[in-house]
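Student: I would like a close look at one part of this protein. Please take me through it slowly and keep to what the structure shows.

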Amino acid sequence: MTVSLADILTTQKNGVVAINNLASYTSSIADNTGVLAGVDQLAPPTGGTTGYVTIYTAPTGVIGRISEIDICNGNATPATFYIHFIPKGGTASTSNALFYNAPIAGNTTVQWTGGLALAAGDFVQVKASTTGITFNVCGGVV
């Protein structure tokens, strides 16, 4: 799809830019790259355990993109949790922790949003101080 500057920019007033046919333009980008710029659940929600569990591993041939992790404490009592982004062949440690012994109140959901790329074989591990805590990882692949 060929898009001219006139097609893209219709007005620029007070710092606001309007784009004609934004839906078809972004669809064209998705078609050309094979990646739809959205947020997808990368794995089923994982129940917290008191030992580390892998909740996502970046597949071969792509770059995994983590954009959101939801942590839900379904218990009435406070707990703690750990989330690690680990290079292929590595192990969970303080040097690759996103959250380390982080507190979460009872009956609470915490959401981390950001942008992190994982090379093929890199993975995310989680654990909690008690059962009843779930982790949900969202993102996509490039």
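Student: Which residue lies over the face of tyrosine 82, and at what distance from the ring centre?

Tutor: Lysine 127 lies there, at 4.8 Å from the ring centre of tyrosine 82. Please keep in mind that this is a predicted model.

To place these two residues, start with the protein as a whole. The protein has 2 helices and 11 strands. Read from the N terminus, the order of elements is α-β-β-α-β-β-β-β-β-β-β-β-β. Of the 142 residues in the protein, 32% are buried. Among contacts between residues at least 6 apart in sequence, 76% join residues at least 24 apart.

Now the sheet. An open sheet is formed by 4 strands, in the order S5-S10-S7-S8, and their pairing is antiparallel. Its edge strands are S5, residues 53–57, and S8, residues 97–104, and each of these pairs on one side only. From one strand to the next, the twist averages 15 degrees.

Tyrosine 82 is in strand S7, and lysine 127 stands opposite tyrosine 82, in S10. Strand S7 covers residues 79–86 and strand S10 covers residues 123–128; the two pair in the antiparallel sense over 6 bridges. Another bridge joins phenylalanine 81 to its partner in S10, alanine 128. S10 also pairs with S5, again in the antiparallel sense, over 4 bridges. There, valine 53 has valine 126 of S10 as its bridge partner.

S10 deserves a look of its own. In a regular strand, side chains alternate between the two faces of the sheet. In S10, Phe123, Gln125 and Lys127 point one way, while Val124, Val126 and Ala128 point the other way. All of these residues are buried, and S10 is described as mostly covered, with 6 of its 6 residues buried.

Back to tyrosine 82, which also has an aromatic partner. The count of aromatic pairs comes to 5. In one of them, tyrosine 52 and tyrosine 82 are arranged edge-to-face, with 6.3 Å from centre to centre and 75 degrees between the planes. This pair links distant parts of the chain: tyrosine 52 is in the loop between strand S4 (46–47) and S5, tyrosine 82 is in strand S7, and the two are 30 residues apart. Tyrosine 82 has 13% relative accessibility, so this residue counts as buried. Tyrosine 52 has 32% relative accessibility and therefore counts as partly exposed. Tyr52, Tyr82 and Tyr100 together form one aromatic cluster.

Another aromatic pair involves phenylalanine 81. The ring centres of phenylalanine 81 and phenylalanine 99 are 5.1 Å apart and their planes are at 50 degrees, so this pair is tilted. Phenylalanine 81 counts as buried because its relative accessibility is 1%. Phenylalanine 99, at 22%, counts as partly exposed, because buried means under 20% relative accessible area.

Glycine 61 is found in the loop between S5 and strand S6, residues 64–73. With a relative accessible area of 71%, glycine 61 is exposed. Glycine 61 and alanine 120 are 59 residues apart in sequence, yet their C-alpha atoms are 6.4 Å apart in space.

A last point concerns the cysteines. A search of the whole structure finds 0 disulfides. Cysteine 72, at 29% relative accessibility, counts as partly exposed, whereas cysteine 138 is buried, with a relative accessible area of 8%.

To return to your question, lysine 127 is over the face of tyrosine 82, and these two residues stand opposite each other in paired strands. On another side of the account, tyrosine 82 has an edge-to-face pair with tyrosine 52.

Key. Residues are numbered from 1 along each chain as its sequence is written. This is a predicted model: local features need pLDDT of at least 70, side-chain atom pairs count only at pLDDT 80 or more; totals for chains, interfaces and linings use all residues. Side-chain values use heavy atoms; hydrogens and water are left out. Two strands pair if DSSP finds at least two bridges between them. Axes are lines fitted to C-alpha atoms, for helices over the stretch in contact, and angles run from 0 to 180 degrees between N-to-C directions. Buried means under 20% relative accessible area, exposed over 50%, partly exposed in between (1.4 Å probe, protein chains only). Rings of Phe, Tyr and Trp (its six-membered ring) pair if their centres lie within 6.5 Å; planes under 30 degrees apart count as stacked, over 60 as edge-to-face and the rest as tilted. A charge sits over a ring if NZ of Lys or CZ of Arg is within 6 Å of the ring centre and within 35 degrees of the ring normal. A disulfide is a pair of cysteine sulfur atoms within 2.5 Å. Contact means heavy atoms within 4.5 Å.
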